[in-house]
Each structure stands twice: as structure tokens, then as C-alpha cells.
Amino acid sequence: VDPSAFYWSWGYGPDMRFFFVDQYHDYEANSKQLRWLERSLAESTAKWKFLVFHEPGWTCGAHYNEGNMVKVQTLLQPLCQKFNVQITFGGHNHLYSRFEVEGVQHLTMGGGGAPLYDLNCPAYPNATFIAGKKAHHYAAVEISGDFLYGSVWVLSGDALDRWVVPATAA
């Protein structure tokens, strides 16, 4: 199988682009995948840019000190800052958490149905813990003009977290 089949980007209209990163193939500094990601982010004129990958860089679950987490912090976060990525979506930990790091929202959306993990939030340098909960959940995102409105809901219908992110220059 061609390793590049495991990472790609997808656009929704002219203003939104999702970049899917495969943390289990070709995922090292100066790898083909990371060169592709940097080039694709640089070429994107989308107002809204999102990275999607499995293992989050900042999280509150049982998997908070693993190799891919460090790579998100050291390899992907600098690209997020350089190319105005507003949000990263991860999973892996079966819970919800949101951290803000240098203006980038890092969401762990792992409450889709598997047994849940306890919330265990370590103190990360340069990262601010915003919200988290051991709960099955789902998210909704709405873009209106130059603002993204996000919300996370538990299955009972109660709001767990809400945030607003302004657009940044492409």
C-alpha cells in the first residue's frame, strides 16, 4: 500500500480545509508526510484550517505521555502556528478535553462509545487546560463570517464546552 494513501486533505468550499495526518506511517521530522503537510498548509488559501489525527498532543486521559503526543507538540504545533491552523482534532483517549496552545485549540474527541477514561490532566508548559469531562459526547461547529462557534454536548443534551475562534489570515 502506498503510504501517502494514509494522509490527505479535503476542502469544503473555498474557505475550509481539513488535513488528515497518519501518525503510524512516515511520521518523522523531514518525512515525506510532514513535507507534504507543510507544503499543503503553505499552499492553502483557506480561511479555516484543521488538523485531524488519532493521538492528541495535549490531553487528560490515560495516554498522556506517549511518543505521538510528543511529536504533535514538537512537529505539528509549530506548523499550526506558522500556517494559522485554528483547531486540531484527536481521539485516542476516551474522554473530552480541550487545551489552548499558542492560540491553537487542541480537542480530544474520544467519547464516541468505548468505555471512558478518568480525567487526569497533567500540567503542560505553554498549554492552558480549558475543559474536560469523562463523558460520551459529540460536537457541533458552525462558521459564520469570520468566527467559528464550537460546542460539545453530552448525550443527555447538556452543553459540556463552547468556544469561539476568530478566522486567521491564510
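What follows are my notes, topic by topic.

**Ground rules.** I am working with a predicted model, in which local features need pLDDT of at least 70 and side-chain atom pairs count only at pLDDT 80 or more, while totals for chains, interfaces and linings use all residues. I number residues from 1 along each chain as its sequence is written, and side-chain values use heavy atoms, with hydrogens and water left out.

**Entry 1: the chain as a whole.** I looked up the secondary structure and found two helices and ten strands. I take helices (H or I, at least four residues) and strands (E, at least two) as DSSP runs, numbered from the N terminus. Along the sequence I read the pattern β-β-α-β-α-β-β-β-β-β-β-β.

I then looked up the size. The C-alpha atoms fill a box of roughly 40 × 35 × 35 Å along the principal axes. The radius of gyration of the chain is 15 Å, which agrees with the value near 15 Å for a compact globule of 170 residues. I note that this radius is taken over C-alpha atoms, and that the globule rule is 2.2 Å times the number of residues to the power 0.38.

Of the 170 residues, 44% count as buried. Buried means under 20% relative accessible area, exposed means over 50%, and partly exposed is in between (1.4 Å probe, protein chains only).

**Entry 2: the sheet of seven strands.** In which order do the strands of the open sheet of seven stand? I read E1-E2-E3-E4-E6-E5-E7, with mixed pairing. Strand E1 (8-12) and E7 are at the edges with a single partner strand each, so one side of each has no neighbour in the sheet. Neighbouring strands here are turned by 15° against each other on average, direction ignored.

I count two strands as paired if DSSP finds at least two bridges between them. Strand E4 (residues 87-90) and E6 pair in the parallel sense over four bridges. In this part of the sheet, Ile87 stands opposite Gln105 in E6.

Helix H1 (residues 32-43) lies across E1, strand E2 (16-20) and E3, and runs at about 175° to E2. For such angles, axes are lines fitted to C-alpha atoms, for helices over the stretch in contact, and the range is 0 to 180 degrees between N-to-C directions. Contact means heavy atoms within 4.5 Å.

**Entry 3: the sheet of three strands.** I found another open sheet, with the order E8-E9-E10 and antiparallel pairing. Strand E8 (137-144) and E10 are its edges, each with a single partner strand, so one side of each is left without a neighbour in the sheet. The twist averages 15° from one strand to the next.

E8 and E9 are joined by eight bridges, and strand E9 (residues 147-154) is joined to strand E10 (residues 159-166) by seven. Gly150 in E9 is the bridge partner of Val141; in E10, the partner of Gly150 is Trp163. The hairpin of E9 and E10 has four residues between the strands, and there Gly157 takes a positive phi near 100°.

**Entry 4: the nonpolar cores.** A nonpolar core is a set of buried Ala, Val, Leu, Ile, Met, Phe, Trp, Tyr and Cys residues joined through side-chain atoms within 4.5 Å. The largest one has 25 residues, and Leu37, Leu41, Leu51, Trp58 and Leu76 touch the most other members. H2 gives the largest share of this core, six residues.

**Entry 5: the cysteines.** Which cysteines does a disulfide join? I found Cys60 joined to Cys121, S to S 1.8 Å; the rule for a disulfide is a pair of cysteine sulfur atoms within 2.5 Å. Cys60 is in the loop between strand E3 (48-52) and helix H2 (67-82), and Cys121 in the loop between strand E6 (104-109) and strand E7 (128-133), 61 residues apart. The torsion about the S-S bond of Cys60 and Cys121 is about 100°, so the disulfide is right-handed.

Cys80 is in no disulfide, and the nearest cysteine sulfur, that of Cys60, is 18 Å away. Cys80 is buried, at 2% relative accessibility.
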